[in-house]
Amino acid sequence: QADLEAPVTISWNCLFFFLSFFFFFFFFAYVQKSAGKFKVADLYYSVDGKTWTKLDKDTVQVAENGKVEFKYQDVYGNESKVTTYEVKNIVKEVAAQPELKLTPDGEGKVKAELAFDKKDVDQDFNHIKYSLDGGKTWTDYKDAFTLTHNETVEFKSYDDAGNESQVYTSVVKVERKLPAPDLTGTVEADKSV
């Protein structure tokens, strides 16, 4: 029975937080050249430790933290030792919550600005969107916007991995100051007797 080397794994945390595994068959070319018609062992993986699946690509994507096991098996039934890799970096929540800042101008307009509640949030990966129609449509927040009448603003943060915060709601009351009456001029006194 032949001794097979355990698989080597390297992890790469991709843009969508799906962990990718790349496997290298280090001496494949050398062994194939030396052995003639040698057939390389197949690589298998398991996420439950019981069910083994042949790896047809060079990548395994997992969406949950946990252990992933790997082994080689050749056409003769020889198996390598099992290599275990523990996935610990999959986060299923947004990095920060959104906050709404309102600045009234006193002339019937309110400037609305959205921002994250934490500093140093990767804004290429994390975003904020808002709705002014009860959540029917959502607009990606880019810059401050102006409200000119009473409005309900709904907003939430989300990331490129598909995680979303809860929806926050703020009822904005836009007040207009009435101009002060002009009391300049003369008023005639009542001359009745």
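Let's start at Val172, which, setting aside neighbours within four places in sequence, is in contact (heavy atoms within 4.5 Å) with Leu102, Val110, Leu147, Asn150, Glu151 and Val153. This is a predicted model, where local features need pLDDT of at least 70, side-chain atom pairs count only at pLDDT 80 or more, and totals for chains, interfaces and linings use all residues. Residues are numbered from 1 along each chain as its sequence is written, and side-chain values use heavy atoms, leaving out hydrogens and water.

Val172 also belongs to the largest nonpolar core, which has 15 residues. Such a core is a set of buried Ala, Val, Leu, Ile, Met, Phe, Trp, Tyr and Cys residues joined through side-chain atoms within 4.5 Å; buried means under 20% relative accessible area, with a 1.4 Å probe and protein chains only. Along with Val172, the members touching the most others are Leu114, Tyr130, Tyr141, Phe145, Leu147 and Val153. At least two core residues come from each of β8 (110-116), β9 (126-131), β11 (145-147) and β12 (151-159), strands being DSSP runs of E, at least two residues, numbered from the N terminus. The biggest contributor is β8, with 4 residues. Apart from this core lies another, of 10 residues, including Ala41, Leu43, Leu55 and Val68.

Now look at Asp42, in strand β3 (residues 42-46). Asp42 is buried, with a relative accessible area of 17%. Not counting residues up to four places away in sequence, Asp42 touches Lys54, Lys71, Tyr72 and Gln73.

Stepping back, the protein has 13 strands and 1 helix (H or I, at least four residues). Buried residues make up 30% of its 193 residues.

Conventions. Buried < 20%, exposed > 50% of the residue type's maximum accessible area, 1.4 Å probe, protein only.
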